[in-house]
Amino acid sequence: MTSPLARQRSRWRFDDAVMFFCAGALVLALSGLGVMLALLLQQAKPQWWPMPIYQWTHTATDTAVLGLPIYRDDSALLVDQGALEPAEGRLIRLDRKGRDIVRSKPESAILLQHKIEGRILGHYKSLDVDTLELATRHGESYRYALSDLDYWYLPNQLSSIEQWSIASKNVLRFLTQGLEPNSEAGGVYPAVVGTVVMVFLMTVFVMPLGVLAAVYLHEYAGDGYLTRLIRTGVHNLAAIPSVIYGVFGLGLFVYGVGGELDRLFYNESLPAPTFGEPGLLWASLTLALLTLPVVIVATEEGISRIPRSIVEASFALGATRAETLIRLVLPLTAPAMMTGLILAIARAAGEVAPLMLVGVVEYAPTLPLKSEFPFLALDQKFMHLGHQIYDLGFQSLDSSLVQARVYATAVVLFAIVVALNALAVALRNRLNRRYQNLLR
């Protein structure tokens, strides 16, 4: 028989093992998040960082290729030769194991970002007051007006300080500019505005509706068969594919509610619809329905954690049920509401499938913000970061040229979600500190 001391030691060893398993799971989760972020930043680096331009020379034929490496594997290298090359020859695949190919970094290599033509590569020749001249790898000369260029630099001659300066300008340009005629230039500012406005508008719709529904289910509905059935339905709604919400929003909001609004208030403009077509309002309402179960469940869980003695003490002091709910239960449930909001933002900000049906477009000529009341163009289509990632990555004629832009857009979307969640977490922690004394 084992002694009591031996059994106690065995329990301690088991407790230590459980602790290490839990700590290992935490480390693994954080490591996965760090690896994902590092991969996104590494793949997005060519979009912002001034990458060196190389020249590959075939010693047997004395032919040269000047370009930027954009993709590599064990056997081959995909090189972008710039917009001066024919469309069918702009991307060239080089054999990385070829012994008769010599790579060099010519100091005269220059990169131009033309407002119309896109990225141009060549050899620097001369610069005057308003014109820049370069030569291609074939020896042909081209002159460009500086007013037609977004920027230009000699990447193989840059110092570390100059590289950081150009990278910071590229990041700022990427965040503050709109789309350009070519997919390599421009920025994501309209998509950032559309994403943030849609998330805030969704929050305005989903939070009051979710909180009121949770209060009714917990405080007024009782514990009958119908209430349990409703709770089960709410939990199951969270597992429905998001594209089904998009189809529902298209039928109910766009064609149903929007069509009726047009017939009542905009009949003179028909058959051209005003609200009877996809737009910002219907996209926000659709995502509000998508995230409603999350808010209801989180809020109801928060209400159920409030000690019953506090509620009964409020009744004993003469407060009515409504006064207890407004002045006691809802303030104590505020941290749980913020938890539901965090989960709702995390899911809604990255959704693409439902938005493609109810309001998001590849390009919107104007922002959904206005200078006059009500300051929002609710009937207007808008751009979204998630849809831009999908469009660039899967709908571009040559996705290899915009691969870095896809990852850069993903980094921006990741940062926006983190920022919005951090704001909600800070507010939740403040509410926790404010009301935690009541729960002691």
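## Strands β1 and β2

In this predicted model, tryptophan 56 has valine 65 of β2 as its bridge partner, and this pair belongs to the antiparallel pairing of strand β1 (residues 54-58) with β2, which extends over 5 bridges. The two strands form a hairpin with 4 residues between them, and within that turn aspartate 62 has a positive phi of about 60°.

Strand β2, which covers residues 63-72, also pairs with β3, again in the antiparallel sense, and here the pairing comprises 4 bridges. Two of the residue pairs can be named: proline 69 has valine 79 of β3 as its bridge partner, while tyrosine 71 stands opposite leucine 78 of β3.

Strand β3 (residues 76-80) is largely enclosed by the rest of the structure, because 5 of its 5 residues are buried. The cover extends to both faces of the strand, with Ala76, Leu78 and Asp80 buried on one side and Leu77 and Val79 buried on the other.

Besides its pairing with β2, β3 is joined to strand β4 (residues 91-95) by 5 bridges, and these two strands run antiparallel.

Where does the chain place glutamine 81? This residue lies in the loop between β3 and β4, and with a relative accessibility of 5% it falls under the 20% limit and therefore counts as buried.

Apart from neighbours within four places in sequence, the residues in contact with glutamine 81 are Val65, Leu66, Gly67, Gly89, Arg90, Ile92, Leu121 and Arg137.

Proline 273 is found in the loop between α5 (242-265) and α6 (280-304). Is this residue buried, partly exposed or exposed? Its relative accessibility is 35%, which lies between the limits of 20% and 50%, so proline 273 counts as partly exposed.

Relative to serine 168, proline 273 is 105 residues away in sequence, and the C-alpha atoms of the two residues are 43 Å apart in space.

## The chain as a whole

The protein chain contains 11 helices and 10 strands, and its C-alpha trace spans about 95 × 90 × 35 Å along the principal axes. The radius of gyration is 29 Å, whereas a compact globule of 440 residues would have a value near 22 Å. Of the contacts with a separation of 6 or more, 64% are between residues 24 or more positions apart.

Of the 440 residues, 42% count as buried. The chain exposes about 24300 Å², and carbon and sulfur atoms supply 62% of that area. Its charged side chains comprise 36 positive and 37 negative ones, with the centres of the two sets lying 13 Å apart.

Note on methods
Residues numbered from 1 in each chain as written. Predicted model: local features only at pLDDT ≥ 70, side-chain atom pairs only at ≥ 80, totals over all residues. Heavy atoms only, no water. Rg over C-alpha atoms; globule rule 2.2 N^0.38 Å. Buried < 20%, exposed > 50% of the residue type's maximum accessible area, 1.4 Å probe, protein only. Contact = heavy atoms within 4.5 Å. Areas by Shrake-Rupley, 256 points an atom, 1.4 Å probe, with all protein chains shown as cover. Lys, Arg positive; Asp, Glu negative; His and termini not counted. Charge placed at Lys NZ, Arg CZ, Asp CG, Glu CD. Pairing = 2+ DSSP bridges.
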